[in-house]
Amino acid sequence: MELQEALEKRFSCRAYLPQEPDREAILAVLEAGRLAPTACNNQSQRIYVARGQEALDKIDACTHCRYGAPVCLIVGYSTQDAAVHSAERFGGDEFSFGDQDAVSVLVHMALKAADLGLNTCWLGAIDDGKLHELFDIPQDVAIRAVLDLGYASPYGVPSPKHADRKPLEETVTWL
């Protein structure tokens, strides 16, 4: 699939078939995340693959947005590994790039999933403290999102608002 097709095909899926993607497909999605750009190439991302009923029950205890996905990728970053801009060099407060690293990785994985014929939904409505607790995730990992992963059911279609996009003139300023 060409990149443009993956960009156009990807949508937030909210209904999945129970069939889990095969291991090779999951690994391909994870590899796409590994290739994502990160600040100073520090590769601070940390991804936890939740699959199987026990793990999915734990995900359900942390969000109401799994939508039946058979695999969930918990996406975060190591606060120890994330690049930090110093206050001295750039003024203002010290700033970690971990959030940007996590988002970059998540977007790469979502696009690769679309390329493979898989569907995703980016979940931000999560209880990250509970995710830490239930999955024994180290405290130095800041969790930023969960990415549902699987095959759309017949009810897993783009929302009516999916194709509504503002024109570039409303979101872009040429300087």
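Here are a few exercises with worked solutions on the structure above.

This is a predicted model, so local features need pLDDT of at least 70 and side-chain atom pairs count only at pLDDT 80 or more, while totals for chains, interfaces and linings use all residues. Residues are numbered from 1 along each chain as its sequence is written, and side-chain values use heavy atoms, with hydrogens and water left out.

**Exercise 1. Work out how helices α3 and α6 are arranged, and what their contact is made of.**

Step 1: Find the helices. α3 covers residues 53-60 and α6 covers residues 128-135. Helices here are DSSP runs (H or I, at least four residues) and strands are E runs of at least two, numbered from the N terminus.

Step 2: Look at the axes. They come within 9 Å and cross at roughly 155°. An axis is a line fitted to C-alpha atoms, for helices over the stretch in contact, and angles run from 0 to 180 degrees between N-to-C directions.

Step 3: Name the arrangement. α3 and α6 are therefore roughly antiparallel to each other (under 35 degrees is roughly parallel, over 145 roughly antiparallel, 65 to 115 roughly perpendicular, the rest oblique).

Step 4: List who touches whom. A55, K58 and I59 of α3 make the contact with L131, L134 and F135 of α6, where contact means heavy atoms within 4.5 Å.

Step 5: Sort those residues. You get 5 nonpolar, no polar and 1 charged (Ala, Val, Leu, Ile, Met, Phe, Trp, Tyr, Cys and Pro count as nonpolar, Asp, Glu, Lys and Arg as charged, and the others, Gly among them, as polar).

**Exercise 2. Find the aromatic pair and say how its rings sit.**

Step 1: Search the whole structure; 1 aromatic pair turns up. Rings of Phe, Tyr and Trp (its six-membered ring) pair if their centres lie within 6.5 Å; planes under 30 degrees apart are stacked, over 60 edge-to-face, and the rest tilted.

Step 2: Check the rings. F95 and F97 have ring centres 5.1 Å apart and planes at 85°, so this pair is edge-to-face.

Step 3: With a relative accessible area of 40%, F95 is partly exposed (buried means under 20%, exposed over 50%, partly exposed in between, using a 1.4 Å probe and protein chains only).

**Exercise 3. Is A145 buried or exposed, and what does it touch?**

Step 1: A145 sits in strand β6, residues 141-150.

Step 2: Read its accessibility. At 3% relative accessible area, A145 is buried.

Step 3: Skip the neighbours within four places in sequence. A145 is then in contact with L73, I74, V75, L106, W122, L123 and I126.

Step 4: Compare sequence and space. A145 and A102 are 43 residues apart in sequence, yet their C-alpha atoms are 8.4 Å apart.
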